[in-house]
Amino acid sequence: MSAAGLNLPGHERRPLDRYETPEWATRALMAAVRPFSGPIFDPGCGAGAISGVLYRSGLPVIGGIDIDPEAVADARRAMPLLDWDEGDFLAAGLPLLGACVGNPPYSLAEGFVRRGLQAVRPGGDVIYLLRLGFLAGQKRAHLYGSGSGFRAVYVLGRRPSFCHGGTDSADYGWIRWTRGYTGSATIQRLGTP
């Protein structure tokens with residue numbers, strides 16, 4: 001998930017970049033984005049931290065996919081009515097989705113954006129929690145150019161803690177693309193619910 005390379009004393013990188021998203025960060029997104037295009041799919045779902053918040057709030061979550069079998073088992077136990085698959089989102093054959101909302105491994109985030117935009121129907125959203133530094137760099141400029149679907153950045157008002165004991169040195173936000181969107185992108189600072 002997004003928190004690769006955390007700069008915390010005594011922190012070692014977690015296997016498969018499994019960093020669960022704090023509930024408050026998902027609630028902040030929900031306060032900014034209404035309605036979500038749906039149904040909602042969580043690529044790189046981990047144990048379902050994001051999906052669980054959305055689902056318990058009554059949003060149309062269908063499930064998710066992750067390469068970590070232990071995380072998928074945790075998601076299945078927590079939300080057995082949803083469809084949880086073990087696999088690689090970047091290579092999985094998927095039906096056309098309404099929206100992708102998640103916290104992808106930072107090292108694979110560009111691929112998750114591209115794959116998400118292929119996987120959602122026209123008008124469908126791809127919304128990922130990412131370091132704001134993801135917006136920088138020539139290598140990813142095509143993700144923000146004309147016709148890319150880049151729609152909004154929702155900047156978190158505080159840094160999330162992915163390791164229960166501190167935050168890393170990066171600022172985060174939810175970055176939103178909408179398939180087929182050609183308007184201007186907006187930036188919004190989110191409060192901290």
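Colleague: How many residues does the protein have, and what share of them count as buried?

Modeller: Burial means under 20% relative accessible area, exposed means over 50%, and partly exposed lies in between (1.4 Å probe, protein chains only). Here 52% of the 193 residues count as buried. This is a predicted model, in which local features need pLDDT of at least 70 and side-chain atom pairs count only at pLDDT 80 or more, whereas totals for chains, interfaces and linings use all residues. Residues are numbered from 1 along each chain as its sequence is written, and side-chain values use heavy atoms, with hydrogens and water left out.

Colleague: In what order do the eight strands form the sheet?

Modeller: Helices (H or I, at least four residues) and strands (E, at least two) are DSSP runs, numbered from the N terminus; two strands pair if DSSP finds at least two bridges between them. In this protein the open sheet has the order E3-E2-E1-E4-E5-E7-E6-E8, with mixed pairing. Strands E3 (83-86) and E8 (186-189) stand at the edges, each with a single partner strand, so one side of each lacks a neighbour in the sheet. Strand E4 (residues 97-102) and E5 run parallel, joined by five bridges; glycine 102 stands opposite tyrosine 128 in E5.

Colleague: Which side chain does aspartate 125 join through a polar contact?

Modeller: A polar contact is a pair of N or O atoms within 3.5 Å; within protein, one must be able to donate a hydrogen and the other to accept it, and residues adjacent in sequence count only if both atoms are side-chain atoms. Aspartate 125, in strand E5 (residues 120-131), has such a contact of 2.5 Å with the side chain of threonine 178. Aspartate 125 counts as buried because its relative accessibility is 2%.
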